[in-house]
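This briefing covers charged contacts and aromatic pairs. Please look over the sequence and the model before reading on.

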Amino acid sequence: MTVQPDEVVVTVTVNGETVRHLVDPRTTAADFLRDGLELTGTHLGCEHGVCGACTVLLDGRSVRSCILYAPQLDGCEVTTVEGLSPVPGELHPIQEAFRECHGLQCGFCTPGFLLTVHEFLSETKGADEDEIREAISGNLCRCTGYQGIVAAVQRADETWQR
Amino acid sequence: MKPAPFGYLAPRSVDETLELMASHGDDAKVIAGGQSLGPLLNLRLATPAMVIDLNRILELAGISAHDGDGLTIGAMTRQHDAETSPAVAAACPLLAEALPYVAHRTIRNRGTIGGSLAHSDPAAELPAVVTAVRAEMVIRSRSGERTIPAEEFFLGYFTAALEPDELLVAVRVPAVPARTTSAWQEFATRSGDYAIVGVAAVIGLDGAGVVDRASIVCSGIADVPRQLSTAQSALVGQEPTSAVIAAAVAAQHTDPPADLVGSSSYRRHLVGVLAQRALEAATERQEGNDDRPTG
Ligand SMILES: Cc1cc2nc3c(=O)[nH]c(=O)nc-3n(C[C@H](O)[C@H](O)[C@H](O)COP(=O)(O)OP(=O)(O)OC[C@H]3O[C@@H](n4cnc5c(N)ncnc54)[C@H](O)[C@@H]3O)c2cc1C
Ligand code: FES
Ligand code: FES
(Lines give C-alpha, C1' and ligand atoms only; values in the text may rest on other atoms or scores of the structure.)
(Ligands and ions follow the chains in the order given, each with its own letter.)
Protein backbone atom coordinates (compact mmCIF):
# COMPACT_ATOMS: atom_id res chain seq x y z
CA MET A 1 0.00 0.00 0.00
CA THR A 2 1.54 3.36 -1.00
CA VAL A 3 0.74 6.05 1.51
CA GLN A 4 0.31 9.55 0.07
CA PRO A 5 1.57 12.40 2.27
CA ASP A 6 -2.00 13.49 3.00
CA GLU A 7 -3.21 10.00 3.85
CA VAL A 8 -3.12 7.91 7.00
CA VAL A 9 -3.30 4.13 7.42
CA VAL A 10 -6.11 2.86 9.63
CA THR A 11 -6.38 -0.66 10.96
CA VAL A 12 -9.71 -1.17 12.65
CA THR A 13 -11.93 -4.08 13.65
CA VAL A 14 -15.50 -3.47 12.55
CA ASN A 15 -18.17 -5.97 13.61
CA GLY A 16 -15.44 -8.52 14.31
CA GLU A 17 -13.59 -8.14 11.02
CA THR A 18 -10.21 -6.38 10.89
CA VAL A 19 -9.62 -4.12 7.90
CA ARG A 20 -6.77 -1.88 6.78
CA HIS A 21 -7.51 1.26 4.78
CA LEU A 22 -5.88 4.46 3.60
CA VAL A 23 -7.87 7.51 4.57
CA ASP A 24 -7.83 11.27 4.18
CA PRO A 25 -7.67 12.41 7.85
CA ARG A 26 -10.73 14.63 7.50
CA THR A 27 -12.93 11.63 6.64
CA THR A 28 -15.48 11.25 9.42
CA ALA A 29 -15.76 7.80 10.97
CA ALA A 30 -19.35 7.76 9.67
CA ASP A 31 -18.28 8.40 6.06
CA PHE A 32 -15.51 5.82 6.43
CA LEU A 33 -18.02 3.19 7.58
CA ARG A 34 -20.59 4.11 4.92
CA ASP A 35 -18.40 4.81 1.90
CA GLY A 36 -15.17 2.97 2.74
CA LEU A 37 -16.70 -0.19 4.18
CA GLU A 38 -20.15 0.05 2.59
CA LEU A 39 -21.83 -0.33 5.96
CA THR A 40 -24.68 2.05 5.21
CA GLY A 41 -26.71 1.11 8.28
CA THR A 42 -25.01 3.97 10.12
CA HIS A 43 -27.04 7.03 9.15
CA LEU A 44 -26.11 10.69 9.00
CA GLY A 45 -28.60 13.36 10.00
CA CYS A 46 -27.12 16.57 11.32
CA GLU A 47 -23.41 15.72 10.90
CA HIS A 48 -22.49 17.83 13.90
CA GLY A 49 -23.23 15.76 16.96
CA VAL A 50 -26.81 16.73 17.73
CA CYS A 51 -29.21 14.08 16.37
CA GLY A 52 -27.67 10.72 17.32
CA ALA A 53 -28.44 9.01 13.98
CA CYS A 54 -24.75 8.14 13.48
CA THR A 55 -24.26 6.49 16.89
CA VAL A 56 -21.98 3.43 16.88
CA LEU A 57 -20.08 1.58 19.61
CA LEU A 58 -16.37 2.36 19.86
CA ASP A 59 -14.55 -0.12 22.10
CA GLY A 60 -17.95 -0.92 23.62
CA ARG A 61 -19.11 2.64 24.29
CA SER A 62 -21.62 4.64 22.32
CA VAL A 63 -20.13 7.53 20.32
CA ARG A 64 -21.19 9.89 17.54
CA SER A 65 -19.40 8.72 14.41
CA CYS A 66 -19.96 12.05 12.60
CA ILE A 67 -17.64 13.94 14.97
CA LEU A 68 -15.02 11.25 15.12
CA TYR A 69 -12.43 10.99 12.32
CA ALA A 70 -11.32 7.85 10.55
CA PRO A 71 -7.66 8.00 11.74
CA GLN A 72 -8.95 7.98 15.31
CA LEU A 73 -10.35 4.48 14.75
CA ASP A 74 -6.87 2.99 14.38
CA GLY A 75 -6.49 0.02 16.71
CA CYS A 76 -10.10 0.22 17.90
CA GLU A 77 -13.15 -2.02 17.72
CA VAL A 78 -16.32 -0.64 16.21
CA THR A 79 -19.81 -2.13 16.31
CA THR A 80 -22.40 -0.81 13.88
CA VAL A 81 -26.05 -1.79 13.56
CA GLU A 82 -24.97 -4.47 11.07
CA GLY A 83 -23.01 -6.16 13.87
CA LEU A 84 -25.63 -5.86 16.59
CA SER A 85 -27.18 -9.29 16.24
CA PRO A 86 -24.90 -12.13 17.34
CA VAL A 87 -26.54 -14.38 14.74
CA PRO A 88 -26.24 -13.15 11.14
CA GLY A 89 -29.62 -12.80 9.48
CA GLU A 90 -31.49 -12.70 12.76
CA LEU A 91 -32.63 -9.69 14.72
CA HIS A 92 -31.16 -8.76 18.09
CA PRO A 93 -33.79 -8.82 20.88
CA ILE A 94 -33.66 -4.99 20.92
CA GLN A 95 -34.43 -4.93 17.19
CA GLU A 96 -37.27 -7.44 17.71
CA ALA A 97 -38.70 -5.22 20.42
CA PHE A 98 -38.54 -2.12 18.16
CA ARG A 99 -40.40 -4.06 15.45
CA GLU A 100 -43.06 -5.36 17.83
CA CYS A 101 -43.67 -2.08 19.67
CA HIS A 102 -43.72 0.27 16.66
CA GLY A 103 -40.41 1.75 17.75
CA LEU A 104 -39.84 2.91 14.18
CA GLN A 105 -41.66 4.31 11.20
CA CYS A 106 -39.24 5.49 8.49
CA GLY A 107 -36.32 3.89 10.33
CA PHE A 108 -33.84 6.68 9.68
CA CYS A 109 -33.08 7.29 13.35
CA THR A 110 -33.33 3.61 14.33
CA PRO A 111 -29.70 2.41 14.03
CA GLY A 112 -28.61 5.22 16.35
CA PHE A 113 -31.37 4.41 18.84
CA LEU A 114 -30.52 0.69 18.77
CA LEU A 115 -26.88 1.23 19.68
CA THR A 116 -27.72 3.83 22.34
CA VAL A 117 -30.28 1.47 23.86
CA HIS A 118 -27.81 -1.43 23.62
CA GLU A 119 -25.36 0.44 25.84
CA PHE A 120 -28.13 1.53 28.22
CA LEU A 121 -29.64 -1.94 28.66
CA SER A 122 -26.19 -3.55 28.95
CA GLU A 123 -25.76 -1.52 32.13
CA THR A 124 -29.30 -1.30 33.51
CA LYS A 125 -32.22 -3.55 34.33
CA GLY A 126 -35.76 -2.51 35.24
CA ALA A 127 -35.38 1.16 34.32
CA ASP A 128 -38.51 3.29 34.66
CA GLU A 129 -39.93 5.47 31.92
CA ASP A 130 -38.14 8.62 33.09
CA GLU A 131 -34.78 6.85 33.06
CA ILE A 132 -35.48 5.46 29.60
CA ARG A 133 -36.44 8.89 28.26
CA GLU A 134 -33.24 10.35 29.73
CA ALA A 135 -31.20 7.55 28.16
CA ILE A 136 -32.58 8.24 24.68
CA SER A 137 -32.65 12.02 25.05
CA GLY A 138 -29.62 12.41 22.77
CA ASN A 139 -31.36 10.70 19.84
CA LEU A 140 -33.93 12.50 17.74
CA CYS A 141 -36.83 10.82 15.93
CA ARG A 142 -39.06 12.81 13.61
CA CYS A 143 -41.70 10.08 13.17
CA THR A 144 -42.72 8.05 16.18
CA GLY A 145 -43.36 10.59 18.90
CA TYR A 146 -41.12 8.39 21.09
CA GLN A 147 -43.92 6.41 22.81
CA GLY A 148 -43.24 3.36 20.65
CA ILE A 149 -39.53 3.68 21.28
CA VAL A 150 -40.00 3.86 25.05
CA ALA A 151 -42.28 0.80 24.88
CA ALA A 152 -39.67 -1.02 22.78
CA VAL A 153 -36.97 -0.32 25.36
CA GLN A 154 -39.27 -1.63 28.11
CA ARG A 155 -39.99 -4.75 26.06
CA ALA A 156 -36.30 -5.36 25.28
CA ASP A 157 -35.48 -4.91 28.95
CA GLU A 158 -37.69 -7.97 29.60
CA THR A 159 -36.83 -10.10 26.59
CA TRP A 160 -33.09 -9.61 26.19
CA GLN A 161 -31.28 -12.33 28.20
CA ARG A 162 -28.17 -10.64 29.48
CA MET B 1 -20.50 17.92 5.11
CA LYS B 2 -16.73 17.81 5.07
CA PRO B 3 -14.15 19.61 7.15
CA ALA B 4 -11.47 21.51 5.28
CA PRO B 5 -8.42 19.30 4.70
CA PHE B 6 -6.16 18.84 7.71
CA GLY B 7 -3.10 16.81 8.58
CA TYR B 8 -3.29 14.40 11.49
CA LEU B 9 -0.79 13.56 14.21
CA ALA B 10 -1.33 11.20 17.13
CA PRO B 11 1.49 11.65 19.66
CA ARG B 12 1.86 9.14 22.51
CA SER B 13 3.27 11.38 25.21
CA VAL B 14 2.80 14.87 26.62
CA ASP B 15 6.40 15.82 25.78
CA GLU B 16 5.95 14.80 22.17
CA THR B 17 2.69 16.77 22.03
CA LEU B 18 4.34 19.90 23.43
CA GLU B 19 7.06 19.70 20.76
CA LEU B 20 4.41 19.40 18.05
CA MET B 21 2.38 22.26 19.50
CA ALA B 22 5.49 24.46 19.62
CA SER B 23 6.44 23.70 16.02
CA HIS B 24 2.93 24.04 14.51
CA GLY B 25 1.80 26.97 16.67
CA ASP B 26 -1.38 28.66 15.51
CA ASP B 27 -1.79 26.29 12.54
CA ALA B 28 -2.61 23.34 14.77
CA LYS B 29 -5.53 22.45 17.03
CA VAL B 30 -5.43 19.69 19.61
CA ILE B 31 -8.44 17.40 19.59
CA ALA B 32 -9.59 15.91 22.91
CA GLY B 33 -13.11 14.41 22.85
CA GLY B 34 -13.88 16.28 19.64
CA GLN B 35 -17.41 16.92 20.89
CA SER B 36 -17.02 20.67 20.40
CA LEU B 37 -14.12 20.77 17.94
CA GLY B 38 -15.73 18.11 15.68
CA PRO B 39 -18.84 20.20 14.96
CA LEU B 40 -16.61 23.26 14.38
CA LEU B 41 -14.45 21.32 11.91
CA ASN B 42 -17.46 19.86 10.09
CA LEU B 43 -19.06 23.29 9.76
CA ARG B 44 -15.68 24.74 8.74
CA LEU B 45 -15.86 27.22 11.57
CA ALA B 46 -12.42 25.87 12.52
CA THR B 47 -9.94 25.16 9.72
CA PRO B 48 -6.65 24.11 11.33
CA ALA B 49 -3.95 22.83 8.97
CA MET B 50 -3.00 20.19 11.54
CA VAL B 51 -5.02 18.28 14.10
CA ILE B 52 -3.05 16.86 17.02
CA ASP B 53 -4.98 14.01 18.63
CA LEU B 54 -4.64 13.69 22.42
CA ASN B 55 -6.54 10.41 22.58
CA ARG B 56 -3.44 8.16 22.53
CA ILE B 57 -1.76 9.88 25.48
CA LEU B 58 -2.51 7.58 28.39
CA GLU B 59 -0.71 9.77 30.94
CA LEU B 60 -3.29 12.55 30.42
CA ALA B 61 -6.28 10.47 31.56
CA GLY B 62 -7.17 9.44 35.08
CA ILE B 63 -8.18 10.70 38.48
CA SER B 64 -5.91 10.64 41.50
CA ALA B 65 -7.17 11.28 45.01
CA HIS B 66 -4.71 12.84 47.45
CA ASP B 67 -5.72 11.23 50.72
CA GLY B 68 -8.22 13.79 51.97
CA ASP B 69 -6.35 16.55 50.22
CA GLY B 70 -8.39 16.87 47.05
CA LEU B 71 -8.10 15.42 43.58
CA THR B 72 -6.12 15.76 40.40
CA ILE B 73 -8.16 15.05 37.28
CA GLY B 74 -6.19 14.48 34.08
CA ALA B 75 -7.32 16.60 31.15
CA MET B 76 -8.22 13.57 28.99
CA THR B 77 -10.44 12.00 31.65
CA ARG B 78 -13.76 11.33 29.92
CA GLN B 79 -16.70 13.19 31.38
CA HIS B 80 -18.57 9.91 31.88
CA ASP B 81 -15.63 8.38 33.78
CA ALA B 82 -15.50 11.38 36.13
CA GLU B 83 -19.28 11.21 36.58
CA THR B 84 -19.12 7.59 37.74
CA SER B 85 -15.89 7.91 39.76
CA PRO B 86 -16.26 7.24 43.51
CA ALA B 87 -13.23 9.51 44.09
CA VAL B 88 -15.01 12.44 42.40
CA ALA B 89 -18.25 11.72 44.30
CA ALA B 90 -16.32 11.80 47.58
CA ALA B 91 -13.92 14.68 46.96
CA CYS B 92 -15.86 16.93 44.57
CA PRO B 93 -19.58 16.17 44.87
CA LEU B 94 -20.45 19.40 43.03
CA LEU B 95 -18.67 18.10 39.92
CA ALA B 96 -20.39 14.72 40.24
CA GLU B 97 -23.76 16.47 40.56
CA ALA B 98 -23.22 18.77 37.55
CA LEU B 99 -21.71 16.26 35.10
CA PRO B 100 -24.96 14.45 34.20
CA TYR B 101 -26.24 17.81 32.90
CA VAL B 102 -23.39 18.05 30.38
CA ALA B 103 -24.92 16.98 27.06
CA HIS B 104 -25.94 13.32 26.75
CA ARG B 105 -24.33 10.07 27.84
CA THR B 106 -22.95 9.39 24.35
CA ILE B 107 -21.29 12.82 24.25
CA ARG B 108 -19.87 12.33 27.76
CA ASN B 109 -18.41 8.96 26.74
CA ARG B 110 -16.07 10.86 24.48
CA GLY B 111 -16.02 14.44 25.82
CA THR B 112 -13.26 15.20 28.31
CA ILE B 113 -12.93 17.29 31.45
CA GLY B 114 -9.99 19.22 29.99
CA GLY B 115 -11.71 19.76 26.64
CA SER B 116 -14.76 21.31 28.25
CA LEU B 117 -12.59 23.67 30.33
CA ALA B 118 -10.21 24.62 27.50
CA HIS B 119 -13.19 25.26 25.21
CA SER B 120 -14.28 27.91 27.71
CA ASP B 121 -17.94 28.11 26.73
CA PRO B 122 -19.63 30.38 29.29
CA ALA B 123 -22.84 28.31 28.93
CA ALA B 124 -21.06 25.10 29.96
CA GLU B 125 -21.38 23.53 33.40
CA LEU B 126 -17.75 22.66 34.19
CA PRO B 127 -16.21 26.16 34.03
CA ALA B 128 -18.76 27.35 36.63
CA VAL B 129 -18.12 24.29 38.80
CA VAL B 130 -14.32 24.58 38.84
CA THR B 131 -14.61 28.29 39.60
CA ALA B 132 -16.98 27.64 42.52
CA VAL B 133 -14.73 24.99 44.10
CA ARG B 134 -11.63 27.15 43.51
CA ALA B 135 -9.82 24.54 41.47
CA GLU B 136 -6.48 25.15 39.80
CA MET B 137 -5.53 24.56 36.19
CA VAL B 138 -2.26 22.81 35.48
CA ILE B 139 -0.83 24.03 32.18
CA ARG B 140 2.29 22.84 30.37
CA SER B 141 4.33 23.99 27.44
CA ARG B 142 7.82 23.12 26.26
CA SER B 143 9.18 25.78 28.59
CA GLY B 144 7.61 24.35 31.74
CA GLU B 145 4.55 24.03 33.91
CA ARG B 146 2.39 26.72 35.47
CA THR B 147 -0.70 26.58 37.67
CA ILE B 148 -3.43 29.21 37.71
CA PRO B 149 -6.67 29.51 39.66
CA ALA B 150 -9.85 28.71 37.72
CA GLU B 151 -10.99 32.30 38.23
CA GLU B 152 -8.12 33.50 36.04
CA PHE B 153 -8.43 30.79 33.42
CA PHE B 154 -11.64 31.85 31.67
CA LEU B 155 -10.97 35.08 29.78
CA GLY B 156 -14.02 35.45 27.55
CA TYR B 157 -16.31 33.66 25.08
CA PHE B 158 -14.44 30.52 23.99
CA THR B 159 -11.19 32.03 25.22
CA ALA B 160 -9.09 30.41 27.93
CA ALA B 161 -5.75 31.60 29.29
CA LEU B 162 -3.84 29.19 27.05
CA GLU B 163 -1.15 30.12 24.52
CA PRO B 164 -1.14 28.17 21.24
CA ASP B 165 1.79 26.08 22.51
CA GLU B 166 0.19 25.36 25.91
CA LEU B 167 -1.66 22.23 26.92
CA LEU B 168 -4.06 21.99 29.82
CA VAL B 169 -2.79 18.80 31.48
CA ALA B 170 -4.95 18.57 34.61
CA VAL B 171 -7.31 20.29 36.97
CA ARG B 172 -6.54 20.21 40.67
CA VAL B 173 -9.51 20.28 43.00
CA PRO B 174 -8.81 21.24 46.62
CA ALA B 175 -10.18 19.20 49.51
CA VAL B 176 -13.67 20.17 50.63
CA PRO B 177 -13.28 22.09 53.91
CA ALA B 178 -15.24 20.93 56.96
CA ARG B 179 -18.94 21.95 57.12
CA THR B 180 -18.90 22.86 53.44
CA THR B 181 -21.66 21.69 51.12
CA SER B 182 -22.65 22.47 47.55
CA ALA B 183 -25.37 22.15 44.94
CA TRP B 184 -25.88 22.59 41.18
CA GLN B 185 -29.10 23.90 39.64
CA GLU B 186 -29.82 24.65 36.00
CA PHE B 187 -32.64 25.26 33.58
CA ALA B 188 -32.47 23.98 30.01
CA THR B 189 -35.27 23.70 27.46
CA ARG B 190 -34.53 20.02 26.77
CA SER B 191 -32.57 17.36 28.62
CA GLY B 192 -28.93 17.52 27.49
CA ASP B 193 -29.14 20.99 25.98
CA TYR B 194 -26.86 23.72 27.20
CA ALA B 195 -28.58 25.37 30.14
CA ILE B 196 -29.99 28.86 29.67
CA VAL B 197 -28.67 29.57 33.16
CA GLY B 198 -26.86 27.30 35.62
CA VAL B 199 -25.83 28.02 39.20
CA ALA B 200 -23.12 26.38 41.32
CA ALA B 201 -23.37 27.13 45.03
CA VAL B 202 -20.89 26.28 47.77
CA ILE B 203 -21.63 27.15 51.38
CA GLY B 204 -19.28 26.84 54.35
CA LEU B 205 -20.49 27.26 57.94
CA ASP B 206 -18.55 27.95 61.10
CA GLY B 207 -19.18 26.07 64.36
CA ALA B 208 -22.12 28.35 65.18
CA GLY B 209 -23.92 27.72 61.91
CA VAL B 210 -22.97 31.08 60.41
CA VAL B 211 -21.79 31.28 56.80
CA ASP B 212 -18.02 31.78 56.62
CA ARG B 213 -17.66 31.03 52.93
CA ALA B 214 -20.01 31.33 49.99
CA SER B 215 -19.32 30.78 46.29
CA ILE B 216 -22.14 31.34 43.84
CA VAL B 217 -21.11 31.01 40.21
CA CYS B 218 -23.44 31.20 37.20
CA SER B 219 -23.17 29.86 33.68
CA GLY B 220 -24.97 31.54 30.81
CA ILE B 221 -25.07 35.14 32.02
CA ALA B 222 -21.72 36.60 30.94
CA ASP B 223 -18.74 35.84 28.71
CA VAL B 224 -17.11 33.89 31.57
CA PRO B 225 -18.46 32.02 34.62
CA ARG B 226 -19.89 34.87 36.66
CA GLN B 227 -19.51 35.00 40.44
CA LEU B 228 -22.36 36.65 42.30
CA SER B 229 -20.01 38.56 44.58
CA THR B 230 -22.61 40.88 46.13
CA ALA B 231 -24.75 37.91 47.13
CA GLN B 232 -21.67 36.04 48.38
CA SER B 233 -20.65 38.91 50.67
CA ALA B 234 -24.24 39.39 51.86
CA LEU B 235 -24.37 35.76 53.04
CA VAL B 236 -21.10 35.72 54.95
CA GLY B 237 -21.67 36.30 58.66
CA GLN B 238 -25.35 35.29 58.48
CA GLU B 239 -27.32 32.16 59.21
CA PRO B 240 -28.44 30.88 55.82
CA THR B 241 -32.21 30.88 56.28
CA SER B 242 -34.46 31.10 53.23
CA ALA B 243 -35.13 34.77 53.96
CA VAL B 244 -31.43 35.59 54.29
CA ILE B 245 -30.69 33.77 51.05
CA ALA B 246 -33.53 35.58 49.29
CA ALA B 247 -32.27 38.96 50.46
CA ALA B 248 -28.70 38.18 49.41
CA VAL B 249 -29.81 37.01 45.96
CA ALA B 250 -32.11 40.03 45.53
CA ALA B 251 -29.20 42.38 46.31
CA GLN B 252 -27.20 40.97 43.39
CA HIS B 253 -27.19 42.98 40.17
CA THR B 254 -26.73 41.00 36.94
CA ASP B 255 -26.85 42.09 33.32
CA PRO B 256 -27.15 38.92 31.26
CA PRO B 257 -27.04 38.95 27.46
CA ALA B 258 -30.14 38.06 25.45
CA ASP B 259 -30.29 35.42 22.73
CA LEU B 260 -32.82 33.16 20.98
CA VAL B 261 -33.47 31.02 24.06
CA GLY B 262 -33.82 33.74 26.65
CA SER B 263 -34.12 37.50 27.05
CA SER B 264 -31.94 39.36 29.50
CA SER B 265 -34.77 39.78 32.01
CA TYR B 266 -35.75 36.10 31.74
CA ARG B 267 -32.15 35.10 32.49
CA ARG B 268 -32.07 37.52 35.42
CA HIS B 269 -35.24 35.87 36.73
CA LEU B 270 -33.63 32.42 36.35
CA VAL B 271 -30.53 33.55 38.25
CA GLY B 272 -32.75 34.53 41.20
CA VAL B 273 -34.79 31.33 41.21
CA LEU B 274 -31.87 28.97 40.62
CA ALA B 275 -29.48 30.68 43.05
CA GLN B 276 -32.15 30.48 45.76
CA ARG B 277 -32.71 26.77 45.06
CA ALA B 278 -29.00 25.96 44.88
CA LEU B 279 -28.20 27.80 48.11
CA GLU B 280 -31.13 26.20 49.93
CA ALA B 281 -30.16 22.75 48.66
CA ALA B 282 -26.54 23.28 49.75
CA THR B 283 -27.74 24.46 53.17
CA GLU B 284 -30.04 21.45 53.60
CA ARG B 285 -27.08 19.17 52.95
CA GLN B 286 -25.41 20.65 56.01
CA GLU B 287 -27.97 19.03 58.26
CA GLY B 288 -26.70 15.99 60.09
CA ASN B 289 -23.28 16.54 58.55
CA ASP B 290 -21.79 18.65 61.32
CA ASP B 291 -18.08 18.16 61.01
CA ARG B 292 -18.06 15.73 58.18
CA PRO B 293 -16.76 17.35 54.99
CA THR B 294 -19.49 16.21 52.62
CA GLY B 295 -19.08 18.99 50.13
C1 LIG C 1 -25.07 17.69 21.14
C2 LIG C 1 -24.10 18.27 22.11
C3 LIG C 1 -24.58 18.82 23.29
C4 LIG C 1 -23.70 19.38 24.20
N5 LIG C 1 -24.20 19.88 25.37
C6 LIG C 1 -23.36 20.37 26.30
C7 LIG C 1 -23.86 20.87 27.54
O8 LIG C 1 -25.06 20.84 27.83
N9 LIG C 1 -22.95 21.37 28.42
C10 LIG C 1 -21.61 21.40 28.15
O11 LIG C 1 -20.84 21.86 28.97
N12 LIG C 1 -21.12 20.93 27.00
C13 LIG C 1 -21.96 20.42 26.06
N14 LIG C 1 -21.43 19.92 24.89
C15 LIG C 1 -19.97 20.02 24.66
C16 LIG C 1 -19.25 18.82 25.27
O17 LIG C 1 -19.33 18.85 26.66
C18 LIG C 1 -17.77 18.78 24.88
O19 LIG C 1 -17.34 17.53 25.27
C20 LIG C 1 -16.84 19.79 25.52
O21 LIG C 1 -17.28 21.12 25.39
C22 LIG C 1 -15.48 19.77 24.84
O23 LIG C 1 -14.75 18.70 25.30
P24 LIG C 1 -13.99 17.76 24.30
O25 LIG C 1 -13.14 16.87 25.12
O26 LIG C 1 -14.94 17.14 23.38
O27 LIG C 1 -13.03 18.81 23.57
P28 LIG C 1 -12.72 19.10 22.03
O29 LIG C 1 -13.98 19.31 21.29
O30 LIG C 1 -11.79 18.07 21.51
O31 LIG C 1 -11.91 20.46 22.18
C32 LIG C 1 -12.54 21.69 22.47
C33 LIG C 1 -11.51 22.82 22.39
O34 LIG C 1 -10.58 22.75 23.45
C35 LIG C 1 -9.26 22.58 22.98
N36 LIG C 1 -8.64 21.61 23.90
C37 LIG C 1 -9.16 20.39 24.22
N38 LIG C 1 -8.39 19.79 25.15
C39 LIG C 1 -7.36 20.64 25.42
C40 LIG C 1 -6.24 20.58 26.32
N41 LIG C 1 -6.04 19.53 27.13
N42 LIG C 1 -5.38 21.63 26.33
C43 LIG C 1 -5.60 22.72 25.51
N44 LIG C 1 -6.64 22.82 24.66
C45 LIG C 1 -7.52 21.80 24.61
C46 LIG C 1 -9.39 22.09 21.56
O47 LIG C 1 -8.28 22.47 20.76
C48 LIG C 1 -10.66 22.80 21.13
O49 LIG C 1 -10.40 24.11 20.75
C50 LIG C 1 -22.29 19.37 23.94
C51 LIG C 1 -21.80 18.83 22.76
C52 LIG C 1 -22.69 18.28 21.84
C53 LIG C 1 -22.14 17.71 20.56
S1 FES D 1 -25.30 12.74 12.30
FE2 FES D 1 -24.04 12.44 13.98
S3 FES D 1 -25.18 13.26 15.59
FE4 FES D 1 -26.38 13.77 13.86
S1 FES E 1 -38.55 6.52 12.63
FE2 FES E 1 -38.39 8.14 11.24
S3 FES E 1 -36.99 9.45 12.26
FE4 FES E 1 -37.39 7.97 13.72
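Which residue forms a salt bridge with Arg285(B)? The partner is Glu97(B), and the closest N and O atoms of the two are 2.9 Å apart. The model is a predicted one. Over all chains, the structure holds 17 salt bridges, and the count of aromatic pairs comes to three.

- Arg285(B) has a relative accessible area of 37% and is partly exposed.
- Glu97(B) also counts as partly exposed, at 21% relative accessibility; the cut-off for buried is under 20%.

**Salt bridge between Glu83(B) and Arg108(B)**

- Glu83(B) and Arg108(B) form a salt bridge in which the closest N and O atoms are 2.7 Å apart.
- This pair links distant parts of the chain, with Glu83(B) in helix H3 of chain B and Arg108(B) in helix H6 (residues 105-110) of chain B, 25 residues apart.
- Arg108(B) is buried, because its relative accessible area is 5% and buried means under 20%.

**Salt bridges and chains A and B**

- Arg61(A) forms a salt bridge with Asp81(B), where the closest N and O atoms are 2.4 Å apart.
- That pair crosses between chains: Arg61(A) is in strand S4 (residues 61-64) of chain A, and Asp81(B) is in helix H3 (residues 79-83) of chain B.
- Arg61(A) is partly exposed at 23% relative accessibility, and Asp81(B) is partly exposed with a relative accessible area of 31%.
- Glu119(A), Glu123(A) and Arg105(B) are joined into one network by salt bridges that share partners.

**Aromatic pairs**

- Among the three aromatic pairs is the tilted one of Phe113(A) and Tyr146(A), with 6.4 Å centre to centre and 55° between the planes.
- Phe113(A) sits in helix H3 (residues 110-123) of chain A, and Tyr146(A) sits in the loop between helix H4 (129-135) and helix H5 (147-159) of chain A, so the pair links distant parts of the chain, 33 residues apart.
- Phe113(A) is buried, with a relative accessible area of 0%, whereas Tyr146(A) is partly exposed at 23%.
- Phe153(B) and Phe154(B) form an edge-to-face aromatic pair, at 5.2 Å centre to centre and with 85° between the planes.
- Both Phe153(B) and Phe154(B) are buried.

Conventions: Residues are numbered from 1 along each chain as its sequence is written. Chains are lettered from A and ligands numbered from 1 in the order in which they are written. This is a predicted model: local features need pLDDT of at least 70, side-chain atom pairs count only at pLDDT 80 or more; totals for chains, interfaces and linings use all residues. Side-chain values use heavy atoms; hydrogens and water are left out. A salt bridge is a side-chain nitrogen of Lys or Arg within 4 Å of a carboxyl oxygen of Asp or Glu. Helices (H or I, at least four residues) and strands (E, at least two) are DSSP runs, numbered from the N terminus. Buried means under 20% relative accessible area, exposed over 50%, partly exposed in between (1.4 Å probe, protein chains only). Rings of Phe, Tyr and Trp (its six-membered ring) pair if their centres lie within 6.5 Å; planes under 30 degrees apart count as stacked, over 60 as edge-to-face and the rest as tilted.
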